[in-house]
Amino acid sequence: MAATHADEGSDPTRAARSALRVERRRVVDEREAFRAFRGRVSSIPDESGRTDPPNGAGTGGTRGALGGTGGGFSGAADGGVGVGGAATPAGSRLVAVRDAYRSTVMSVPHYEAEYDDTYERSVAEEFGPELAYALTRTNCFHEEYKRSLLSAAETAVQEREAFLDALESEIESVERARSRLDPIRTEIEAIEVELGCDGEGKKGTADFGALDACRTRTDALREDCDRIAARRQRVLADHERRLALSDDLNLPAYCYQDLDVTYPVLAAVAAVGDRLDALRRRIESEMGRSR
């Protein structure tokens, strides 16, 4: 994802909204890709014959924001899975699994830009090293492997669903904060016009009574900012409770990694608060001169 930088003085929530839309589209694409892969795998017959599956086959290792092994939707080292291993016999059902994975999960529009993994690396990140070993370094698609793979694919779908729910909540939170901050900015500008201030602290023309009324208005607006910030903190805490996908996942840090700020809503509130504080200081300065 290309870095997104807000121009100085602009609202960082606008850049946040753009980043969230991109992320939502990507997660939807991945969810649909895993659904398609699961359907393809279900139609591939398992092969006769039985060997003991690797210990823990089917234990998920979902990557990136949705798991604990990748640290962001990015590829990790393959850990030896599939490197120098036995080649999968041409025409086997494991080749069909590999082809299904490449034509679904590895074919999402953002795959190369975001991951650019080999098949071996990707299945190790998504499904864990044990199941990846079974898929890339054994010769038969045993019943146990198929069952574990279908379960892991379903888990991948469910994790994307949960992450989408969190993204929708985040989008709603950002939009709500932006819609509440815009009137505050407008009111600040109205107060500055009413006071005859030029925005640089030069003396205005309002009398003491008008100045006192404006100070009261700035105090009320500051309380509004505090309420917006408090609600935003509650949303962030709710994200942490709901997203039990990774102990290391910080949704804002992940979604806004290419922005200039990690917490754009709080940054926007802080910027408005700074304007209010500066305005209040100007008002009190004028009140001191008008006594």
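Biologist: What is the mean pLDDT of the protein chain, and what share of its residues reach 70 or more?

Modeller: This is a predicted model, and the mean pLDDT of the protein chain is 82, with 76% of its residues at 70 or more. Since pLDDT is the predictor's confidence in each residue on a scale from 0 to 100, these values tell us about confidence in the prediction.

Biologist: Which elements of the protein chain have the lowest and the highest mean pLDDT?

Modeller: Helix 8, residues 251–255, has the lowest mean among the elements, at 90, while helix 1 has the highest, at 97.

Biologist: What makes helix 1 roughly antiparallel to helix 2?

Modeller: Helix 1, residues 12–42, and helix 2, residues 93–103, pack at an angle of about 160°, with their axes 9 Å apart. Angles over 145 degrees count as roughly antiparallel, and therefore helix 1 is roughly antiparallel to helix 2. Helix 1 passes helix 2 in a right-handed crossing.

Biologist: Which residues meet where helix 1 and helix 2 are in contact?

Modeller: From helix 1 come Phe34, Phe37 and Arg40, and these meet Val97, Asp99, Ala100, Tyr101 and Ser103 of helix 2. By class, the residues of this contact between helix 1 and helix 2 divide into five nonpolar, one polar and two charged.

Biologist: Why is helix 1 called roughly antiparallel to helix 6?

Modeller: The axes of helix 1 and helix 6, residues 143–195, come within 9 Å and cross at roughly 160°. With the cut-off for roughly antiparallel set at over 145 degrees, it follows that helix 1 is roughly antiparallel to helix 6. The crossing of helix 1 and helix 6 is left-handed, and their contact has 17 nonpolar, two polar and 18 charged residues.

Biologist: Why does Leu249 count as buried?

Modeller: Buried means under 20% relative accessible area, and Leu249 has 18% relative accessibility, so Leu249 counts as buried. Leu249 lies in the loop between helix 7 and helix 8, and its C-alpha is 9.8 Å from that of His239, a residue 10 places away in sequence.

Biologist: What makes Arg275 count as partly exposed?

Modeller: Partly exposed covers the range between the 20% limit for buried and the 50% limit for exposed; Arg275 has 32% relative accessibility, and therefore counts as partly exposed. Arg275 has its place in helix 9, residues 264–290. Not counting residues up to four places away in sequence, Arg275 touches Arg185, Ile188, Glu189 and Glu192. Of these, Glu189 is 86 residues from Arg275 in sequence, yet their C-alpha atoms are 10.0 Å apart.

Biologist: Which residues of helix 5 are buried, and what covers them?

Modeller: In helix 5, residues 129–136, the buried residues are Leu131, Ala132, Ala134, Leu135 and Thr136. What covers them includes helix 2, helix 4 and helix 6.

Biologist: What share of the protein chain counts as buried?

Modeller: Of its 291 residues, 44% count as buried.

Technical notes. Residues are numbered from 1 along each chain as its sequence is written. This is a predicted model: local features need pLDDT of at least 70, side-chain atom pairs count only at pLDDT 80 or more; totals for chains, interfaces and linings use all residues. Side-chain values use heavy atoms; hydrogens and water are left out. Axes are lines fitted to C-alpha atoms, for helices over the stretch in contact, and angles run from 0 to 180 degrees between N-to-C directions. Helices (H or I, at least four residues) and strands (E, at least two) are DSSP runs, numbered from the N terminus. Angles under 35 degrees count as roughly parallel, over 145 as roughly antiparallel, 65 to 115 as roughly perpendicular and the rest as oblique. A crossing is left-handed if the near helix is turned anticlockwise from the far one by less than a right angle, and right-handed if clockwise. Contact means heavy atoms within 4.5 Å. Ala, Val, Leu, Ile, Met, Phe, Trp, Tyr, Cys and Pro count as nonpolar, Asp, Glu, Lys and Arg as charged, and the others, Gly among them, as polar. Buried means under 20% relative accessible area, exposed over 50%, partly exposed in between (1.4 Å probe, protein chains only).
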